[in-house]
Amino acid sequence: DFDNSNSSEQDLVGLRSLLGNCFFFMNCLCTALYVIISKPALRMYPSIFVAAWSYNIAAVFMAVAAWSAAQMPSFMNLVCPDCSSIWNIPQGAYFALFYYIFFNSVIAYAVFTWANQFATGTLVMGFTVLQPVTAATLTLFLLAFKAFPSCFDSTRDPSKACLEPPGFGTVLGMFGVFVGLFFVISTEPKINHKKDEEERAVRATSQRSLIKRTGSRILPNTDELDSTQIDRRKD
C-alpha cells in the first residue's frame, strides 16, 4: 500500500509539472498573439486605450475561468493542493498580490503596449526573455544582502521563505539569452529617425485639428492618414 501511494504521489507530481509547462506555453503563445493582434488597433487608437479594453475583456474571461475552477474541487486540488479555498487569500500574500496587479500587470502591460507602437513585434517579444535573467540577478542580490536565506542553508528556519541561488545551467542560459537578443536587435530594420519625427509631428498636428473639429479625444491614430495628406500639410 505504501508503494502504491508513493507511486501515485509521484504520478501526481509529474502531472502537475506537465500541466504547469502546458500553461506556461499557453501564456507565451497568448502574449505573442496579443502583440501581433494589437498592432492594427494601435494604428487606430492610443496604446492606453488598447491596453484598457484588453484588460476589461480579459477580466470577464478571468471571472468565468475562476468561477468554473471553483466548481471543480478535483481540478483545484490538482493545480493548488495547498489552497483551502479558491477565494481564500492568505494575509501574507496581500503585498505580493498588490505588486503583481499594479506593477506586473497594469504598468508592465501599459508600457508593453506602448512599446508595441514603435517597435516590431519580434523586438518587443525578444526583450521578454530578460525576465528570467532579471529574476536570477535579483535573487543573487537578495541572497548577498541576506534579505532571504538560501534554500541550501541547513541552518535556516524551515518555516520561512527561502531563495534558491542560480546554478551553472542558469548562468549558461543567461549567456544564451544575451546572444539571442543581440541577433534579434542586429537584424531589426533600420529606421530613418528624422523622417519618422517629421511624420509624427505632422500626425500630431492633424490629430489636434481633428479634435477641434469633432470635440472628441478618442480618435483613430493619425497613422491612418494617407501620404497625400501628410505631404500637403508639410507644404
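Analyst: A residue is called buried when its relative accessible area is under 20%, exposed when that area is over 50%, and partly exposed in between, using a 1.4 Å probe and protein chains only. What you see is a predicted model, in which local features need a pLDDT of at least 70 and side-chain atom pairs count only at pLDDT 80 or more, while totals for chains, interfaces and linings use all residues. Residues are numbered from 1 along each chain as its sequence is written, and side-chain values use heavy atoms, with hydrogens and water left out.

A disulfide here is a pair of cysteine sulfur atoms within 2.5 Å, and the structure holds one. That bond joins Cys151 to Cys162, with 2.1 Å from S to S, and the torsion about the S-S bond is about 95°, so the disulfide is right-handed. Both cysteines lie in the loop between α6 (130-144) and α7 (168-186), so the bond ties together parts that are 11 residues apart in sequence. Helices in this account are DSSP runs (H or I, at least four residues), as strands are (E, at least two), and they are numbered from the N terminus. Cys151 counts as partly exposed because its relative accessibility is 26%, and Cys162 is partly exposed too, with a relative accessible area of 25%. For contrast, Cys28 is in no disulfide, since the nearest cysteine sulfur, that of Cys30, is 9.5 Å away; Cys28 is partly exposed at 35%, and Cys22 counts as partly exposed at 38%.

The loop between α6 and α7 also holds Lys146, which is exposed, with a relative accessible area of 73%. Its phi is near 60°, a positive value in a residue other than glycine. This deserves a note because most residues other than glycine have a negative phi, and most peptide bonds are trans.

Of its 235 residues, 17% count as buried. Contact means heavy atoms within 4.5 Å, and among contacts between residues at least 6 apart in sequence, 62% join residues at least 24 apart.

Helix α4 (residues 94-118) is where confidence is highest, with a mean pLDDT of 91, pLDDT being the predictor's confidence in each residue, from 0 to 100. α4 has 25 residues and reaches 35 Å from its first C-alpha to its last, close to the 36 Å expected, where the expected span is 1.5 Å times one less than the number of residues. α4 also bends by about 30° at Ala108, the bend being the angle between axes fitted to the seven residues ending there and the seven starting there. The buried residues of α4 are Ser105, Phe112, Thr113 and Asn116.

Phe112 forms one aromatic cluster with Tyr34, Tyr55 and Tyr109, and the structure holds nine aromatic pairs. Rings of Phe, Tyr and Trp (its six-membered ring) pair if their centres lie within 6.5 Å, with planes under 30 degrees apart counted as stacked, over 60 as edge-to-face and the rest as tilted. Thr31 lies in helix α1 (residues 2-42) and is buried, with a relative accessible area of 13%.

Some caution belongs with all of this. The chain averages a pLDDT of 80, and 78% of the residues score at least 70, but over residues 221-235 the pLDDT is below 50, although beyond near neighbours in sequence this stretch has 24 contacts in the model. Confidence is lowest in helix α9 (residues 227-234), at a mean of 44. Where pLDDT is low, the predicted coordinates should not be read in detail.
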